[in-house]
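Subject: Structure handover

Hello,

Please find the structure below. Some notes on it follow.

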Amino acid sequence: MDDRKNGRYKMVEVTIFVEGGNLNNQGSNVPLREGFSKLLMSGLKKKNFKLNIDLRGPNKQTIKDFKNNPADILILLDLDAPESERENKLAKFDLDEAPGKVFFMIQAMEAWILSQPDILDKYITETYSKSGRKRTGDNIEDDDILKNKQAQNIEKPDEKLHTLLGRYFYYKKNNEKKKPKYKSKITDGAAMLELLNINELSNQFIDVKNLLNTIENSK
């Protein structure tokens, strides 16, 4: 029996405007859109949700579009600062009148990845197949970039992620060792998102936990 026909199963659509992506080439946004959707869906207890991940480009455009849309839209932005700057950023963006609708990636999306550096090995293996290797047996967690630090306090996490990839991994091309690069969240970031553990992420980043709770309570 299909419960949907009896009204006991209601599919709830939730739209989230996310900073990032290319407004002029929507096709290039597909991997990142799917990465966000799969990651967030993996953290929902109920599965009767359809997440519409709408990548709106730079933060100014994302904020503008959010303000010009219905009140049931959620927004997910890079904070580009430590968590202590949350209230200042809300005031700066004129978003302090939208409680419960605004969520931040602190400092940026790449900080999520730095919080789980163990996924990098799997990412390299999947991306470069047999040619991808780790350079040393050292633990990435012991690197000066990460050791005794919380990911949300690491400035410019995209640059730090790029450094770690080149420092700990290589791949072979034409029998030459090459350093993998972190090009952008649209490509590399999207692939890494799908490897993250959402439960660990929500325990470390309060905005992730609050976003999941808000989705779960949507009607």
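Which residue in strand 2 does Ile16 stand opposite? Ile16 faces Ile53 there.

This is a predicted model, in which local features need pLDDT of at least 70 and side-chain atom pairs count only at pLDDT 80 or more, while totals for chains, interfaces and linings use all residues. Residues are numbered from 1 along each chain as its sequence is written, and side-chain values use heavy atoms, with hydrogens and water left out.

Strand 1 (residues 12–18) pairs with strand 2 (residues 49–55) in the parallel sense, over seven bridges; pairing requires at least two DSSP bridges between the strands. Six of the seven residues of strand 1 are buried, that is, under 20% relative accessible area with a 1.4 Å probe, protein chains only.

The protein has nine helices and seven strands, taken as DSSP runs (helices H or I, at least four residues; strands E, at least two) and numbered from the N terminus. The radius of gyration is 19 Å, close to the 17 Å of the globule rule for 219 residues, so the protein is as compact as a globular protein of that length. That radius is taken over C-alpha atoms, and the rule is 2.2 Å times the number of residues to the power 0.38. The C-alpha trace spans about 60 × 50 × 35 Å along its principal axes.

Of the 219 residues, 47% count as buried. Of the contacts (heavy atoms within 4.5 Å) between residues at least 6 apart in sequence, 74% join residues at least 24 apart.

Regards

Methods: Buried means under 20% relative accessible area, exposed over 50%, partly exposed in between (1.4 Å probe, protein chains only).
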